[in-house]
Amino acid sequence: SDGVLAGYVIGGRTVSTAVSTAWKTVFATDTTAAETDADAPIPIQEYSSLSEGATKGYHAGGAGVLAAYKLTYATDTTAAETDADLPSNRASASGLSDQSTNGYWCGGGVSTVSRLVFATDTTSAYTDTNLTESKVVAAEINEGPTYGYVIGGGWYSTIANKLTFATEVFAAATDADLGTAKAAASGVSDGAV
């Protein structure tokens with residue numbers, strides 16, 4: 001989402017196969033329509049996504065894929081962004097964003113984190129912090145430009161991890177733990193991109 005005008009759904013899986021198609025939802029009219037310029041270059045599923053804020057969004061990884069793609073909101077176009085490729089194969093990682101400087105690919109069957117620098121569109125392993133446990137298909141929530149949360153996840157976890165964007169460090173956030181172990185949940189926020 002660009003946070004103001006529109007959001008996009010790209011790729012995924014139909015009953016029989018992975019797809020590359022993109023759909024755009026215009027917030028002002030609550031309408032969704034195909035947006036073929038935003039289609040992914042290849043079919044993608046189990047990938048991760050995050051948004052820089054008002055100008056661009058990214059999706060990366062997926063089942064057997066390291067590749068990253070950048071969606072430019074002003075032109076509704078998606079293109080390969082090889083400098084943003086993930087450093088290791090991680091499907092269903094969680095994506096967090098400080099909405100201006102950096103995005104973070106978190107987990108994906110591991111506890112490690114990779115950082116995407118928006119100014120250069122580059123992703124690299126980020127060794128200054130890890131999640132407190134290996135996570136996959138965990139819910140992610142951005143609390144504006146201050147904090148991000150990765151909660152629950154594969155192997156049915158209740159555990160919440162909180163990333164402080166200013167220090168770029170994850171910590172356990174036990175008060176935010178789920179009451180029931182969950183995997184493949186989704187997260188929403190009232191103010192984040």
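Student: Why is the pair R115 and E168 called a salt bridge?

Tutor: A salt bridge is a side-chain nitrogen of Lys or Arg within 4 Å of a carboxyl oxygen of Asp or Glu. The closest N and O atoms of R115 and E168 are 2.8 Å apart, so the pair meets the definition. R115 lies in strand 10, whereas E168 lies in the loop between strand 14 (160–164) and strand 15 (169–172), so the pair ties together parts that are 53 residues apart in sequence. Strands here are DSSP runs (E, at least two residues), numbered from the N terminus.

Student: On what basis do these values rest?

Tutor: This is a predicted model, in which local features need pLDDT of at least 70 and side-chain atom pairs count only at pLDDT 80 or more, while totals for chains, interfaces and linings use all residues. Residues are numbered from 1 along each chain as its sequence is written, and side-chain values use heavy atoms, with hydrogens and water left out.

Student: What makes E168 buried or exposed?

Tutor: Buried means under 20% relative accessible area, exposed over 50%, and partly exposed in between (1.4 Å probe, protein chains only). E168 has 13% relative accessibility and therefore counts as buried. R115, at 22%, counts as partly exposed.

Student: Which residue does E168 contact through a polar contact of side chains?

Tutor: The side chain of E168 makes such a contact with the side chain of N102, at 3.2 Å. A polar contact is a pair of N or O atoms within 3.5 Å; within protein, one must be able to donate a hydrogen and the other to accept it, and residues adjacent in sequence count only if both atoms are side-chain atoms. N102 is found in strand 9 and, at 9% relative accessibility, counts as buried.

Student: How many salt bridges does the whole structure hold?

Tutor: A search finds 6. One of them joins K56 to D121, with the closest N and O atoms 3.1 Å apart. K56 lies in strand 5 (residues 56–60) and D121 in the loop between strand 10 (113–117) and strand 11 (122–126), so this pair ties together parts 65 residues apart in sequence. D121 also meets K70 in a salt bridge of 2.8 Å, N to O. That pair links distant parts of the chain, since K70 is in strand 6 (residues 68–72), 51 residues from D121.

Student: How do you know whether K56, D121 and K70 are buried or exposed?

Tutor: Their relative accessibilities are set against the limit for buried residues. K56 has 14% and counts as buried; D121 has 8% and counts as buried; K70 has 19% and counts as buried.

Student: Why are strand 8 and strand 11 described as standing at the edges?

Tutor: Two strands pair if DSSP finds at least two bridges between them. The open sheet of 4 strands has the order 8-9-10-11, with antiparallel pairing. Strand 8 (94–97) and strand 11 each have a single partner strand, so one side of each is left without a neighbour in the sheet.
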